[in-house]
Amino acid sequence: MCRFRDPQDRLFKALNSSIAFDFRLAPYDLEQSLAHARMLARSGIISDTDLATLERGLDAVREEFEADRFAVKPDDEDVHMAIERRLTEIVGPIGGKLHTARSRNDQVATDVAMLVRAHTLGAKDLVLDLMGTLAGLAERHLDWPMPGYTHLQRAQPVYLSHHLLAYFWKFRRDLQRFNFCMTATDDLPLGAGALAGVNFDTSRMYVAQELGFGGIAENSLDAVSNRDFVLDYLAAAATCATHLSQLGAEIVLWSSQEFGFCEVSDAFSSGSSLMPQKKNPDGAELLRAKAPRVVGRLAGVYGVLHGLPLTYNKDLQEDKEPLFDAIDTLELCLRVASGMLEGISFDRDRMAGAAADEFIAATDVADVLVRRGVPFREAHGMVGGMVRAAVERGKSLSELTVEELRELAPELDGEFYDVLEPGAWLESKVSEGGTALARVREQLAHARHLLAEART
Ligand code: ARG
């Protein structure tokens, strides 16, 4: 019997123990415990002397964590038990009073909410930095023409500033999603006890205020089973990481010899061990590749929560590793994206050359016809015919002669050649949110305003 119990015990511990990863909840757990102990004393549940003892002990434990001196023991199942065990070693049996009117169920929900809050604020700062970098880059490349693409085919020319600012607004929406995460973590779970409330008249609002929560969870059953804020953070992170992957993918394409639009600084690229001429955009490739990992973490936590009966179930312990991994991945990627964009250089001539492909002005020619009263669909067909004719005759559009023009689109006159003048197609996009310079300037001013507002 004994021979089997030991290995089985070890097996179970390996499965059940979370200390290896929930260790990083320690700063939140300690902060929470201090607030909880103070509340217990204020509510007359423990004496002021006991509080002083607990404060001294928690302080000592915190110092051990900060100095990386905290020693985990084999029986420490999770960070909460490890801290309580150590506290009791330091201050004696009074340490056991800390867990009055508290369960690990409301305790862990509170720690995780505090961690999500802290990293939501962290993500917001990093997203804002990236938005600032994008705005600065747009400012420095305000009137650099480049092709805009659909289906990765040259579609219509745009300014590089306009293209970069497109990402600004994507990240602005990420910021809004992270703002929502702040709301999602605003109700303090602590005080719910194991599930039904506790046998003391505690002051939850006091703890909430001490820990920076706006209010308290209204229902104890919901409080201990709620991990919506983990989903909310992961969803925001997944979308943000997806935006970073799109940005990364464009940098990969743009830095290829085929495009030749940009060069990534050496700090974020690598050389080939075999081919000395190569510079690989590894950083951008990894931005591209990391997003599905974050999306997978979100899917994983949905899986954990799926079908869970109320209230606390040990399944909930599985919220942590996906959350932590997503946090680390996202924060790293956001830092890399900012750094990479700060050191990127664009090739004005290459981009302008690609944007000078006259065929991408076809829509503008069609619009000249529209202004002459030709219905758009018909104009579209006529211009299609002109493009085909030009290609067949080995010409660009502006090389079509007046005679050819008369044959292909009798409604057209000299204005046809005007709209094909370099730059004309860009500056004609005057609608709100369009790429004409005046509109991009407006957009940039709005972006700057939002950044200033967000930083105050
Ligand atoms: N390590 C646990 C978790 O992360 C803490 C809560 C344990 N509660 C319990 N009733 N076993 O979920």
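A crossing of two helices is right-handed if the near helix is turned clockwise from the far one by less than a right angle. The legends below apply this to a predicted model.

**View 1. Helix H4 crosses helix H5 with right-handed geometry.** H4 covers residues 48-66. H5 covers residues 79-91. Their axes come within 9 Å. The crossing angle is roughly 120 degrees. Angles of 65 to 115 degrees count as roughly perpendicular, and only those over 145 as roughly antiparallel. H4 and H5 are therefore oblique to each other.

**View 2. Residues of H4 meet residues of H5.** On the H4 side, the contact takes in Thr-53, Leu-54, Arg-56, Gly-57, Leu-58, Ala-60, Val-61, Glu-64 and Phe-65. On the H5 side are Ile-83, Arg-86, Leu-87, Ile-90 and Val-91. By class, nine of the contact residues are nonpolar. Two are polar and three are charged.

**View 3. The helix pair sits in a chain of 19 helices and eight strands.** The chain has 456 residues, and 48% of them count as buried. Among contacts with a separation of 6 or more, 75% join residues 24 or more positions apart.

**View 4. The C-alpha atoms of the chain fill a box of roughly 100 × 50 × 40 Å.** The box is taken along the principal axes. The radius of gyration of the chain is 30 Å. A compact globule of 456 residues would have a value near 23 Å.

Methods. Residues numbered from 1 in each chain as written. Predicted model: local features only at pLDDT ≥ 70, side-chain atom pairs only at ≥ 80, totals over all residues. Heavy atoms only, no water. Axes fitted to C-alpha atoms, helices over the stretch in contact; angles between N-to-C directions. Helix = DSSP H or I, 4+ residues; strand = E, 2+ residues; numbered from the N terminus. Parallel < 35°, antiparallel > 145°, perpendicular 65-115°, else oblique. Contact = heavy atoms within 4.5 Å. Nonpolar A, V, L, I, M, F, W, Y, C, P; charged D, E, K, R; others polar. Rg over C-alpha atoms; globule rule 2.2 N^0.38 Å. Buried < 20%, exposed > 50% of the residue type's maximum accessible area, 1.4 Å probe, protein only.
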